[in-house]
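Please keep the sequence and the three-dimensional view at hand while reading.

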Amino acid sequence: MTGSQRPTLQTVAREAGVSSATASYVLRGIERGASAETAARVRAVAERLGYRVNTAARAVRTGRTGVVLLSLHRAFDPWAVALTDAVKRAARETGRSTIVLPGEARGEDWYDSVAELRPDVAFIEVLDDLPQTRASARELTAAGQRIVVHHELMPSEGYDVIRPRPEPGAAQIVAHLAEQTDDIAFLTTEPHSLADNSRARPYLAAVSSGVIRPRAVTVYDGSRADAFRQAVALLQSDGAPRAVMCHTDDAALQVIQAAYFLGKRVPDDVLIAGMDNTQDGQESTPSLTSAGPDDAFTREAQLIIAAADRPPGTGRVHEFDWSLRARASTSIPDRAAHARVHGESE
């Protein structure tokens, strides 16, 4: 590091061998489970590099802490990773650091963290539009906290709401798959509320109208390991489907792995589609057919950072329309080229 370079939180974290979140917590004097040895190492690296943080003084002086807080339910799935990367890039451009709450954070854990850390802006991934969730967001907003909520239905009550609209994209996936087969399975984590699930409704409607044949919905527990297990069981059964539609890209990528594990070819033997239009899906082999908005992660990151620079209580709703991205996982390749690659006769 040259003398002209100001040490960053990321530099301290990297040299101390910890995450940026851990380094931030330690240097702000917040207990978050770091051992005494780890905390001492972080402080020693910060001292050696000349890194200084005075969040309390800056907050009193400017009302800003230089922190962007992300509360994500599954911090390591492709959607969350892509959003986190985009927010970190956007935050760095404004001199801010990003903290991601642990993946196991649930319920009102985010409220305590937001109230304690006083970030410039807090992004909350909300799964259930519960009265307590809305009350917590209203209370923090009234206290001057900038909040961005990610939810399909929640209204804006002073905080920003990023509202995805996945149903049109899901309907396009169903129509796309139905052009090739009427035998389509659906893989999801929500067995008890499918009628209220905007990603599932187009599939259920297609079954109800006879466009595709009835099938029992395949359910997994939300983990990648169980998505893989359920996909293996589904694809090796006597009545294995010709196509599998998944409620996330993360699940769809596990179905692709399950197909390969069983010696099946994608898309020749099974068509696979996901939802969220993540970078992981775009870069998989084969590339994953999915649905999502244009430049979703960059746009969401920009909205989050913009919210940090607006007066509290001025939030509004931002709708993100989804549409189909048809890729190789549902497109039969050129037969001659495919035969050459696989050493088959044309």
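## Terms and basis

A residue counts as buried under 20% relative accessible area, as exposed over 50% and as partly exposed in between, with a 1.4 Å probe and protein chains only. The model is predicted: local features need pLDDT of at least 70, side-chain atom pairs count only at pLDDT 80 or more, and totals for chains, interfaces and linings use all residues. Residues are numbered from 1 along each chain as its sequence is written, and side-chain values use heavy atoms, with hydrogens and water left out.

## Overall architecture

The protein has 346 residues, of which 51% are buried. Its secondary structure consists of 14 helices and twelve strands; these are DSSP runs numbered from the N terminus, helices being H or I of at least four residues and strands E of at least two. A contact means heavy atoms within 4.5 Å. Among contacts between residues at least 6 apart in sequence, 71% link residues at least 24 apart.

## Nonpolar cores

A nonpolar core is a set of buried Ala, Val, Leu, Ile, Met, Phe, Trp, Tyr and Cys residues joined through side-chain atoms within 4.5 Å. The largest such core holds 23 residues, and Val68 and Phe123 have the most contacts inside it. Two or more residues each come from β1 (67–71), α5 (78–93), β3 (121–125) and α13 (296–308). The greatest contribution is that of α5, with eight residues.

Leaving aside residues up to four places away in sequence, Phe123 touches several others, including Leu69, Trp79, Val148, Ile162 and Ile304.

Helix α2 (residues 20–27) is largely enclosed by the rest of the structure, because seven of its eight residues are buried. The buried residues of α2 are Ser20, Ala21, Ala23, Ser24, Tyr25, Val26 and Leu27.

The axes of α10 (residues 224–235) and α11 come within 8 Å and cross at roughly 50°. This makes α10 oblique to α11. Axes are lines fitted to C-alpha atoms, for helices over the stretch in contact, and angles run from 0 to 180 degrees between N-to-C directions. Angles under 35 degrees count as roughly parallel, over 145 as roughly antiparallel, 65 to 115 as roughly perpendicular and the rest as oblique. Residues making the contact include Ala227, Phe228 and Ala231 of α10, and Gln254, Val255 and Ala258 of α11.

## Backbone features in loops

Val266 and Pro267 are joined by a cis peptide bond with omega about 15°, and Pro267 lies in the loop between α11 (249–261) and β9 (271–273). The bond from Thr285 to Pro286 is also cis, with omega near -5°; Pro286 sits in the loop between α12 (279–283) and β10 (290–292).

Where does Arg118 lie? Arg118 is in the loop between α6 (109–117) and β3. Its phi is near 50°, a positive value in a residue other than glycine, and its relative accessibility of 43% makes Arg118 partly exposed. Asp295, in the loop between β10 and α13, likewise has a positive phi, near 45°. Asp295 is exposed, with a relative accessible area of 59%.
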